[in-house]
Amino acid sequence: MKPIPKKLLIHHAKLMAVTMDEWQSETLSTVADLKHIRIEPSSKLVTDKQNRQITLSAVLFYDLRNSTPKNVEFSPGQKIVFGGKEYTVETIELIYDDKKLHHYELGLV
């Protein structure tokens, strides 16, 4: 399978880690500046690990060949800042071609 073409990967966003302080206030710190990604609006209904049904607000596509930086590790609960909005990573789908990982699809709320 060919990589997602760069001409379709027109967005950039910040990947943020979330930590809680002693007063249970969120503190965000930048993990990576994601470039050559794509964020599409979504209304897909998914079920999380706690068996809750969630309606996604958007889906982020991160291509392993064309998106940067390389070797980013995504995890549920991280935040994505895009277009002045803050999204939370709910789901992470690993999409494979015949033999290896091709791209990630992150479900955002």
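This is a predicted model: local features need pLDDT of at least 70, side-chain atom pairs count only at pLDDT 80 or more; totals for chains, interfaces and linings use all residues.
Q: Where does histidine 11 lie?
A: Histidine 11 lies in strand β1, which covers residues 11–20.

Q: Buried or exposed?
A: Histidine 11 counts as buried, because its relative accessibility is 18% and the cut-off for buried is under 20%.

Q: What does histidine 11 touch, leaving out residues up to four places away in sequence?
A: Histidine 11 touches Leu34, Lys35, His36, Ile37, Arg38, Ile39 and Phe82.

Q: Which backbone atom does the side chain of histidine 11 reach?
A: The side chain of histidine 11 reaches the backbone nitrogen of isoleucine 39, at 3.0 Å.

Q: And how many Å apart are histidine 11 and serine 25?
A: From C-alpha to C-alpha, histidine 11 and serine 25 are 29 Å apart, with a separation of 14 residues in sequence.

Q: Switching to valine 81. Which strand?
A: Valine 81 is in strand β6, residues 79–82.

Q: What is valine 81 in contact with, neighbours within four places aside?
A: Valine 81 is in contact with Ala13, Lys14, Met16 and Glu86. The C-alpha atoms of valine 81 and alanine 13 are separated by 5.7 Å, although these residues are 68 apart along the chain.

Q: How do β1 and β6 run, parallel or antiparallel?
A: β1 and β6 run antiparallel and are joined by 3 bridges. Leucine 15 has isoleucine 80 in β6 as its bridge partner.

Q: Which strand do 4 bridges join to β6?
A: That is strand β7, residues 85–96, and β6 and β7 run antiparallel. Phenylalanine 82 has lysine 85 in β7 as its bridge partner. Phe82 is also one of the residues that histidine 11 touches.

Q: What is in the turn between β6 and β7?
A: β6 and β7 form a hairpin with 2 residues between them. Glycine 83 is in the turn and has a positive phi of about 60 degrees.

Q: New topic. How much space lies in the largest pocket?
A: About 160 Å³ lies in the largest pocket.

Q: Which residues line the largest pocket?
A: The lining is made up of Met1, Lys2, Pro3, Asp63, Leu64, Arg65, Asp97, Lys100, Leu101 and His102.

Q: How do the lining residues divide into nonpolar, polar and charged?
A: The lining of the largest pocket has 4 nonpolar, 1 polar and 5 charged residues.

Conventions
Residues are numbered from 1 along each chain as its sequence is written. Side-chain values use heavy atoms; hydrogens and water are left out. Buried means under 20% relative accessible area, exposed over 50%, partly exposed in between (1.4 Å probe, protein chains only). Contact means heavy atoms within 4.5 Å. A polar contact is a pair of N or O atoms within 3.5 Å; within protein, one must be able to donate a hydrogen and the other to accept it, and residues adjacent in sequence count only if both atoms are side-chain atoms. On a 1 Å grid over the protein atoms alone, a cavity is a set of points where a 1.4 Å probe fits but cannot get out, and a pocket is an open set with protein on both sides within 12 Å along at least five of seven lines; lining residues have an atom within 4 Å of a point. Grid points are joined across faces, edges and corners, and a volume is the space filled by probe spheres set on the points. Ala, Val, Leu, Ile, Met, Phe, Trp, Tyr, Cys and Pro count as nonpolar, Asp, Glu, Lys and Arg as charged, and the others, Gly among them, as polar. Two strands pair if DSSP finds at least two bridges between them.
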